[in-house]
Amino acid sequence: MIGTLHAVRCLAVAAGLLGAGPAAAQQVRVRYVAPERFTDAQTMFGSGLSLRATLAEMTRILEELGRARLRPGESLDLTVLDIDLAGFERPGLGAPTGIRVVTDATPPRIRLAYGLRRGRQVVRQGEETISDINFLLGANPRFSGGGLYYERALLRDWFAKRFPAPTTGG
């Protein structure tokens, strides 16, 4: 019985490793440099997410968008240097929490450095400040699931321009 259980565990581990195949090689690594000094990445008056929650959501967005754009054998290193969320925070004016006011004059802005690797070779790298002054024209966050809607849309567009989607054969 113990031998059979051990064999089943070994097979499960091996199957997990084999099943990971190309997906395991497609990695997106995200790091933040001095996030406590970012322009506007945390709530000061209770209108949004804490810094920790903002960074966790931003990491999830970057990893998801990056994985969708990577080809087999590629990896992407992203270093976030600054975040300025869409809008600005305003004290509650008599309410217990503040509000985030989003206008066309307050677009999201994200500064990052990136390096795309194919195997061990760097095939594309750079540092950019990503922003879109027309971010409200096509946006409708009421139909969005999740936070950081404007930032997600900004990053989705940036990924599409910088890293064309892999083509499927067949």
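Eight aromatic pairs are present in the structure, where rings of Phe, Tyr and Trp (its six-membered ring) pair if their centres lie within 6.5 Å, and planes under 30 degrees apart count as stacked, over 60 as edge-to-face and the rest as tilted. The model is predicted: local features need pLDDT of at least 70, side-chain atom pairs count only at pLDDT 80 or more, and totals for chains, interfaces and linings use all residues. Residues are numbered from 1 along each chain as its sequence is written, and side-chain values use heavy atoms, with hydrogens and water left out.

One of the aromatic pairs joins tyrosine 32 and phenylalanine 38; the ring centres are 6.4 Å apart and the planes stand at 55 degrees, so this pair is tilted. Tyrosine 32 and phenylalanine 38 are both buried (under 20% relative accessible area, with exposed over 50% and partly exposed in between; 1.4 Å probe, protein chains only).

Strands here are DSSP runs (E, at least two residues), as helices are (H or I, at least four), numbered from the N terminus; two strands pair if DSSP finds at least two bridges between them. Within the sheet, S2 (residues 74-84) and S5 (residues 109-118) are antiparallel partners over 10 bridges, and serine 75 has arginine 117 of S5 as its bridge partner.

Axes are lines fitted to C-alpha atoms, for helices over the stretch in contact, and angles run from 0 to 180 degrees between N-to-C directions. The axes of H2 and helix H3 (residues 149-162) come within 10 Å and cross at roughly 25 degrees. H2 and H3 are therefore roughly parallel to each other (angles under 35 degrees). Residues in contact (heavy atoms within 4.5 Å) include Met58, Ile61 and Leu65 of H2 and Leu155, Phe159 and Ala160 of H3.

Technical notes
Parallel < 35°, antiparallel > 145°, perpendicular 65-115°, else oblique.
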